[in-house]
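Okay, everyone, thanks for coming.

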Amino acid sequence: MTFQAVINNVIEDIALLQRYIELKSEVGFNDMQRLIEVLAVSVFRYAYGYNLVNLNQIRMNFPAIDLADENKKVSVQVTTNASAQKINKTIKTYEAHDLRKDYDKLFIFGFCNAKKPKSLPSYCNIVDMSDIINNTTNNCSNEELQNLCDAIRRHQDYRRLHPWDDKNCLEILLNNIDRNAIKHRMSCEGNIDDMLKGLKEISELIGKGTIDGKVKSKCLDDFHDEDMIRFMRSIKDMIAEISAIVNRGRMSGSVFSCIELPGMMEIDQIKENIAKLTNEIAKMKDISINIKLRK
């Protein structure tokens with residue numbers, strides 16, 4: 001799909017979601033805040049490179065702001081309509097709680113609409129989805145833009161923002177990692193394609209919450225626990241490394257792969273790292289799993 005085609009899809013998906021939220025608000029349903037907060041984590045990651053944490057998961061009704069990237073000292077207030085009244089109230093509360101000592105920048109994000117005043121404190125930025133789209137198209141690759149499109153589409157159906165617990169969903173993932181595709185060293189690995197299929201299923205479960213298109217858990221973007229999020233991103237990256245090593249060994253014009261000893265040793269080391277990270281997160285979150293590679 002061309003870059004322009006992906007942009008068009010993003011714009012159409014946003015317009016549909018915005019209208020849905022506006023209609024819900026017009027008839028008196030004000031239950032969309034969580035949806036927008038979850039979606040904002042994704043859109044700010046792709047548009048600005050921030051790794052935001054939902055502060056309301058740490059402390060209910062956190063003052064003035066909803067999300068923050070502690071490393072980059074960025075904070076975000078998320079709202080359906082960033083009106084002048086909302087903006088002024090947020091800035092006053094932000095300053096009253098002396099949040100400037102913790103964060104260098106404040107974004108007030110109006111998902112459906114943002115009224116941008118002529119004057120603002122130097123630390124404050126008012127953004128809406130048009131700003132997000134412009135920043136994403138200027139700074140992102142086609143793949144990253146497609147990821148943004150996927151994130152928006154996942155949230156078009158509010159029912160998909162289910163209350164599934166992070167720990168339960170992590171346990172589902174860990175049980176899928178505890179399999180031969182990870183536990184078998186290359187010296188006793190059977191069919192390489194079977195190994196790749198198993199690794200692909202783990203990656204799909206992380207990225208989409210599905211295996212072979214069937215919902216098993218929630219996807220990475222719907223988790224709130226930062227330890228779990230970092231773990232899943234690392235596992236996904238390591239699986240991609242294994243796939244790359246196997247693909248380098250593919251014989252030209254053939255489905256067969258010839259992996260030399262250094263490549264096999266590299267894959268074994270990656271599997272060891274996956275097992276190590278899995279055991280660490282399992283212990284941290286009190287999940288009874290301990291993976292050991294078979295010799």
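Predicted model: local features only at pLDDT ≥ 70, side-chain atom pairs only at ≥ 80, totals over all residues.

Residues are numbered from 1 along each chain as its sequence is written, and side-chain values use heavy atoms, with hydrogens and water left out.

So, cores. By that I mean buried Ala, Val, Leu, Ile, Met, Phe, Trp, Tyr and Cys residues joined through side-chain atoms within 4.5 Å, with buried being under 20% relative accessible area, using a 1.4 Å probe and protein chains only. The largest one has 38 residues, and Leu170, Phe231 and Ile274 are among those with the most contacts inside it. Which helix gives the most to this core? That's α9, with ten residues; helices here are DSSP runs of H or I, at least four residues, and strands are E runs of at least two, numbered from the N terminus. Apart from that core lies another, of 34 residues, including Leu39 and Phe109.

Now the rings. They pair if their centres lie within 6.5 Å, taking the six-membered ring for Trp; planes under 30 degrees apart are stacked, over 60 edge-to-face, the rest tilted. There are eight such pairs. Phe44 and Phe109 go edge-to-face, at 5.3 Å and 80 degrees. Phe44 is in α2 and Phe109 in β4, so their pair ties together parts 65 residues apart in sequence. Both are buried.

Conventions
Buried < 20%, exposed > 50% of the residue type's maximum accessible area, 1.4 Å probe, protein only.
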